[in-house]
Amino acid sequence: MTLLSTIGTPVLAFLNYLGELTALAKEVAVSAMRGRHRWQQYMRQVAEIGYRSQPVVIVTGAFTGSVLAAQALFQLTQMKMETLGGALVAVGMLRELGPTITGLMLAGRVGAAMAAEIGTMKVTEQVDALRSMGVHPIDYLVTPRFGAMAISIPLLIAESSAFGILAATFVGTQIFDVSIAHWIHHMNGHTALVDVLVAMVKGLVFGQLIVLISCHQGLKASNGAVGVGKGTTSAMVLSSLAILIFNFFLTMLLNIMFPLGFAK
């Protein structure tokens, strides 16, 4: 019985956590369809999530593409296949690294900020004050963040992937002396619009996971500043783990539905 209870307690806690996330997701869906839309809040969150996240996303994407190109070309050069580097980087950035790196950056920057802001409002009873004024906290605090993330993350992924591909092209053609004509030819031949679609699907899923987990951590915060700090840390860690776990399953599913360009 002791072993069963030891194993069962974390499982029950995890199932309870999934139930709370599901209930929050349901409330957000109802709010989006029937609640009051506060467009000023939407615009404020678009600026916070999208506009202010551009520098870190662009820099991360550019150097990720550069490293990917360098590592690929170190190997491809030995096999006299360095002209395929452009195709490898483009597909890798669009289908995998662009969405994942952008999601992880947003989990650290935006997710933690969401949990801290909402958590502070929760422990200082501002959330209760919203209810007393007839304002639903989900309508005011959570739904605008979902909408803003849905608008912002596709654009951020596009920027991250584009700068990654541009930086990789510079590394390949200027440092490894690969012919730019061959580089672009193979890149165009092995990438397609469906690769962009895969990136957008992954990004939308990752973005909604970040908002859902971070807002949940903020709304359940307690015990003052200590609770807010723990909620902020948990939001970043859980969001990052969720992105990595969902990325595996999405990769398997989307590659079955939309095979890689190399398989054409």
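Predicted model: local features only at pLDDT ≥ 70, side-chain atom pairs only at ≥ 80, totals over all residues.

Let's take helix 3, which covers residues 54–76 and has 23 residues. From its first C-alpha to its last, helix 3 reaches 32 Å, close to the 33 Å expected.

Now look at which of its residues are buried, meaning under 20% relative accessible area. In helix 3 these are V57, T60, G61, A62, T64, G65, S66, A69, A70, A72, L73 and L76. The buried residues of helix 3 pack against helix 4 (85–123), helix 6 (137–175) and helix 7 (180–190).

One of those partners, helix 4, also packs with helix 2 (residues 39–49), at an angle of about 140° and with their axes 11 Å apart. Because of that angle, helix 2 is oblique to helix 4. On the helix 2 side, R44, E48 and I49 take part, and they meet L106, R109, V110, M114 and E117 in helix 4. The residues of this contact divide into 4 nonpolar, no polar and 4 charged.

Finally, a word from the records. An unreviewed UniProt entry places the feature "transmembrane region" at residues 49–74, 155–176, 196–215 and 236–258. In the model, residues 155–176 are 95% helix and 0% strand, with end C-alpha atoms 30 Å apart. Residues 196–215 are 100% helix and 0% strand, and there the end C-alpha atoms are 28 Å apart.

Methods:
Residues numbered from 1 in each chain as written. Heavy atoms only, no water. Helix = DSSP H or I, 4+ residues; strand = E, 2+ residues; numbered from the N terminus. Expected span 1.5 Å × (residues − 1). Buried < 20%, exposed > 50% of the residue type's maximum accessible area, 1.4 Å probe, protein only. Contact = heavy atoms within 4.5 Å. UniProt positions renumbered as here; feature names shortened; annotations may be inferred. Axes fitted to C-alpha atoms, helices over the stretch in contact; angles between N-to-C directions. Parallel < 35°, antiparallel > 145°, perpendicular 65-115°, else oblique. Nonpolar A, V, L, I, M, F, W, Y, C, P; charged D, E, K, R; others polar.
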